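User: I have a structure open and would like to go through it. Can we start with how far to trust it?

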Amino acid sequence: MDLSCIPNRTREGGEGGGEAGSDLPFGFGPLLSLSLYLVALLVVALVGYIKSRKSEPGSMESHYLAGRDLGLFVLMLTLYATMFSGYTVMGVPGSAYRQGFLSSYWIPATVAIYGGQMIVAPILYRLARARKYVTSSDYLYDRYQSDYVRIVSALCFLVPMFLYVLAQLKSIGITVEGITGGRISSFLGVSVLAAVMLLYETVGGMKSVVWTDVVQGLMLFAGFMSLLVFAQVEYGGLSSSYPLIESAHPNFTAVPTSTGQAEWASFFFLMYLSYPFSPILLQRLYAARSLRLLRLGYAAMAFAAFFGTLPAEVIGWTSIPFYNLTSACSDSVFSLIAVDVMQSGVYGEVSVSILMAAVVAALMSTADSALMSLSSIVTLDIVKPYVWKKASNKKLLILSKVISIIVVAVCIVLSVVNVTLT
């Protein structure tokens, strides 16, 4: 969360933000909501741990797939929380500010992702149940009976999952440092939150992860709905902003050119083909209680962009006439809006507090899912078949937890050094 662009905003109303006499950009509210959020995570993690002990404790299916017993409510919220990362809350408004309505490709892309899932799910779910698939590479190995395919596919899944964890943890540290005005360093912030994440993941496995996703998903939904209210209250909504955008930036409202349409189509096709085989989504496919519930969950997620990406797009679009930002500062539009909304009264302070906690929730929900996928790939696709063939499930579970700790430790170190992820 880069706050360096905040003094450059052009809206009326001063350069404040936060409470009087405080150097916290967003006041003490976000710290309070973040603290309550962490307490809620620990409580829910305990519930997940208790539930995990009742479903074949010590088994791989219990640890990595929550005993293959996810109901519809939990399944929808874990898919929702995992799909939308901190980028959706903070990055998408910046993209909408830079590109105007041309940035709306993320909305149909979400539909394309779950359209692909609906095609893959029926066959893959039945195979996973019959042949006990746990990891992303299990199907490929079962299909080709090739160690080479298993190792290469495991590495292809492993590298992006590691980068995904690193990106989320780095963003968590930056966000906490920004919320606290530097009082809590990036290193300390990411260390504390990563420790909480490791705690609920190692003690409760997938059960704890999905139940914490329920909390995170509800917070995200509340945060996204707040964005829609912001857009209406602060800027008069799209009905007020659209004529101004059309006048000042006609290219922002123009129909995409043939080249632009081709780029959109190729992007949707790529999402349609690739996302069904995301390790994070495959784990949830394997973990669903039934194929009927899985289909219902995917059908609901096809509309998720209208309750996730769209509100973030709307806040970016409606803010275009009110800020004069360079391209380098455009990703700070969310922070600028939050600071201005803080000055609108109690509602603004409460809403921003929820939103800031929702940003952290979005990052943690994505990070914990990627970490769970990563540890399963290393443990079950590499170590068990090729390194430690005679290891018991108990020993492999201990190893998987050690792997998670090592990965998080490495990511924390890398998150506070100057590592470019692009």
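User: Where does pLDDT stay under 50?
Analyst: Over residues 8-21, for which the model has 33 contacts beyond four places in sequence. Here pLDDT is the predictor's confidence in each residue, from 0 to 100, and contact means heavy atoms within 4.5 Å. This is a predicted model, where local features need pLDDT of at least 70 and side-chain atom pairs count only at pLDDT 80 or more, while totals for chains, interfaces and linings use all residues. Residues are numbered from 1 along each chain as its sequence is written, and side-chain values use heavy atoms, with hydrogens and water left out.

User: What is the mean pLDDT of the protein?
Analyst: The mean is 83, and 90% of the residues reach 70 or more.

User: New topic. Is Tyr-97 buried or exposed?
Analyst: Tyr-97 counts as buried because its relative accessibility is 9% (buried is under 20% relative accessible area, exposed over 50%, partly exposed in between, with a 1.4 Å probe and protein chains only).

User: Which helix is Tyr-97 in?
Analyst: Tyr-97 is in α4, residues 86-99 (helices are DSSP runs of H or I, at least four residues, numbered from the N terminus).

User: And what is Tyr-97 in contact with, leaving aside neighbours within four places in sequence?
Analyst: Its contacts include Phe-252, Gly-316, Tyr-323 and Val-333. Glu-313 is 216 residues from Tyr-97 in sequence, with 8.3 Å between their C-alpha atoms.

Key: Helix = DSSP H or I, 4+ residues; strand = E, 2+ residues; numbered from the N terminus.
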